[in-house]
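Subject: Structure for you to look at

Hi,

Here is the structure I promised to pass on. Please open it beside this email and follow along.

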Amino acid sequence: MPVPFARHSEVDVLIIGAGPAGLMCANALANARVNVRIVDQRAFKITAGYGDGISPRTIELLQSYGLAERLLKECSQIHLAAFYNPSSTGGIELTKRTSNITAPSARYPFEAALHQGAIQDIFLDSMSSLGVEVERSTMPTSIKLSKDEDELTDPTSYPVRVVLQRLDQSEDEQQEIVHAKFVIGGDGAHSWTRKQFDITMDGEQSDAIWGVVDFVPDTDFPDVRNKCLAQSNYGSMFLLPREEDRVRAYVQLEDSDVINPVTGRVDKDRMGPEEILRTAQKSLKPYKLTRKSEFLWWTIYSVGQRVASKFSIENRIFIAGDACHTHSPKAGQGMNASINDSHNLAWKIAQVIRGWADMSLLSTASSCAYESERRKFALELIAFDKTWSTLVCEKPLTEQNSDGVSSEHVLKTFQTDFTSGIGIHYHPSVVVNDTYQELASGLVLGKRVPPYKFMRAADGRPFELQDLASFRLPLQQARVESMVADMQKPQSFLNRYATPGASRFDVITISKDRKDKFDFLQLPTLLRSHWSKVFVDDTDPTGSFGGEGYSYFGVGPEGALVAVRPDGYVGAIAPLDRVEVLDAYFASFMKIPA
């Protein structure tokens, strides 16, 4: 449709939708100093409800942007999980109380619970400090992608044309034509972006229907401040502690209570929050559960477990979060998956826009692409969600129901690295080189760098390894000097991809030495670009922790070179005398500066 009086603009990345996926992506790109805009049809930000659980891996990710401190200050930390089953008297009784997070390498061994509006505020404030604001009351009305192959493969071109309409301005000011290098649709389960390109959502709708209520409880239930799954004779329910004194209840509902017999669809007019709470009260007997406050938020939903048939169009238009995968909230992965989608996508787009990597880093033909890595994860998530959702919806094992689900089966399924986010493992690709794993067995290629504290050599201050960018683990003076000589050659990756004024690499040195003997100034200059970049694998000054990092990561006396991707996942490992391994690794996707 022609737009006669629209103004034109250009932007590197246009993001449609200001939910968790969109805000995470905008914040990541703003941090990378990419020219980004984000628009949302809603006039106001959300203030309650929706997603509320942040996994240990996502907390680690937020920490990498300096955002975890605020989250941990505002959230409720969930350390324990409790499981209840039918008792002989007809109510429920405690079956097991256990750790909520069982992943041994979790830096944050708990789940953080905070309503989605507060989590999004953390992103909004971070973006604002970088000069990026959500453009509200703004919706796209059309999107067109160039068919010119030369334009599509030129990372400096603007092949995407999006018409935006402002809903809060006069007719003369309403429309704008944006020419973008890339467009990201983070616009939810009913994604407008996805529908414009006829991307299908493959999967199925489950039969389970759940009600959700947020409120401040008055209760004698002993596990009200723990994550709780109660499988009763009346159905299943989850009870989750939230910030302040709030809780959230997920309650299994009967179809007859919420399905409109004419349309066959969920009808929220047939059941409200009071009815959902009454159903929860039956499931929690003999314990009392009433509310002290008004309902803060509520909804009714049925579970759709679907994955988009593709996550990108011509390596220029991408979808993320609920726009490309939907599942039940009971696994606690919705907002986490969305944030991690954007974290994976943003660094790759930033590398291309900066001219540091070629378009192959985004190409669906490459196994390193966003779609290849995150669609695989989405399929695994749906498979897990189907198993978990089925278990929690089934009748529990009792004397009267010998075919029911045992508490042991539920617990075994629950205790997995998958729900913590720590189990994510990207397969070998251009950005995951699968050679030399034996040099650092504790740093698994394709998995995130585990946490461990090392001492900064200059002042003995402990630092968390995850808070450092990329790193090296050298030892043995002669081999180190030879390695440095190789890294200083003109064809070495450090020089081949050198960019004046903006280093692509952060060289971190970790030495297996004692803090009271080690002189970091004796290291070659390349390995100590700044006094804050050198660490020792020794105990902290009080002797309380540290000193076993090499053993923890499976690194022997021969040392190792380790390249860590910008998203914190291990990309490549090489012996000290094989710098050419890293030369080849970076050559597979990086561009020589013009």
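Ser 363 sits in the loop that links α9 and α10. (Helices are DSSP runs of H or I with at least four residues, strands are runs of E with at least two, and both are numbered from the N terminus.) Ser 363 counts as buried, because its relative accessibility is 16%. (Buried means under 20% relative accessible area, exposed means over 50%, and partly exposed is in between, with a 1.4 Å probe and protein chains only.) Leaving out residues up to four places away in sequence, Ser 363 touches Asn 315 and Ala 369. (Contact means heavy atoms within 4.5 Å.)

Two notes before going on. This is a predicted model, where local features need pLDDT of at least 70, side-chain atom pairs count only at pLDDT 80 or more, and totals for chains, interfaces and linings use all residues. Residues are numbered from 1 along each chain as its sequence is written, and side-chain values use heavy atoms, with hydrogens and water left out.

Two packed helices are described by the angle between their axes and the distance between the axes. Helix α9 covers residues 334-353 and helix α10 covers residues 370-393. They pack at about 165°, and their axes are 10 Å apart. That makes α9 roughly antiparallel to α10. (Axes are lines fitted to C-alpha atoms, for helices over the stretch in contact, and angles run from 0 to 180 degrees between N-to-C directions. Under 35 degrees is roughly parallel, over 145 roughly antiparallel, 65 to 115 roughly perpendicular, and the rest oblique.)

The crossing of α9 with α10 is right-handed. (A crossing is left-handed if the near helix is turned anticlockwise from the far one by less than a right angle, and right-handed if clockwise.)

Which residues meet? From α9 come Ala 337, Asn 340, Asp 341, Asn 344, Leu 345 and Lys 348. From α10 come Tyr 370, Glu 373, Arg 374, Phe 377 and Leu 381. By class, this contact of α9 with α10 has five nonpolar, two polar and four charged residues. (Ala, Val, Leu, Ile, Met, Phe, Trp, Tyr, Cys and Pro count as nonpolar, Asp, Glu, Lys and Arg as charged, and the others, Gly among them, as polar.)

Arg 57, Thr 58, Leu 61 and Ser 64 of α2 make the contact with Asn 336, Ile 339, Asn 340 and His 343 of α9. The residues of this contact are two nonpolar, five polar and one charged.

Is α2 enclosed or open? Seven of its nine residues are buried, so α2 is largely enclosed by the rest of the structure. The buried ones are Pro 56, Arg 57, Thr 58, Ile 59, Glu 60, Leu 61 and Leu 62. After α2 comes Gly 66, with a positive phi near 75°.

Pro 109 lies in the loop between β6 (92-99) and β7 (111-113). Pro 109 is partly exposed, with a relative accessible area of 41%. Setting aside neighbours within four places in sequence, Pro 109 contacts His 79 and Ile 101.

Backbone details

Ser 137 is not a glycine, yet its phi is positive, about 55°. It lies in the loop between β8 (134-136) and β9 (138-145). At 10% relative accessibility, Ser 137 is buried.

Asp 198 is not a glycine either, and has a positive phi of about 55°. It lies in the loop between α6 (192-196) and β12 (201-215). Asp 198 is exposed, at 65% relative accessible area.

Where is the cis peptide bond of Pro 286? It joins Lys 285 and Pro 286, with omega about 15°. Pro 286 is in the loop between α8 (273-283) and β17 (289-291).

The whole protein

The protein has 16 helices and 28 strands. Its C-alpha atoms fill a box of roughly 75 × 70 × 40 Å along the principal axes. Of the 594 residues, 57% are buried.

Best wishes
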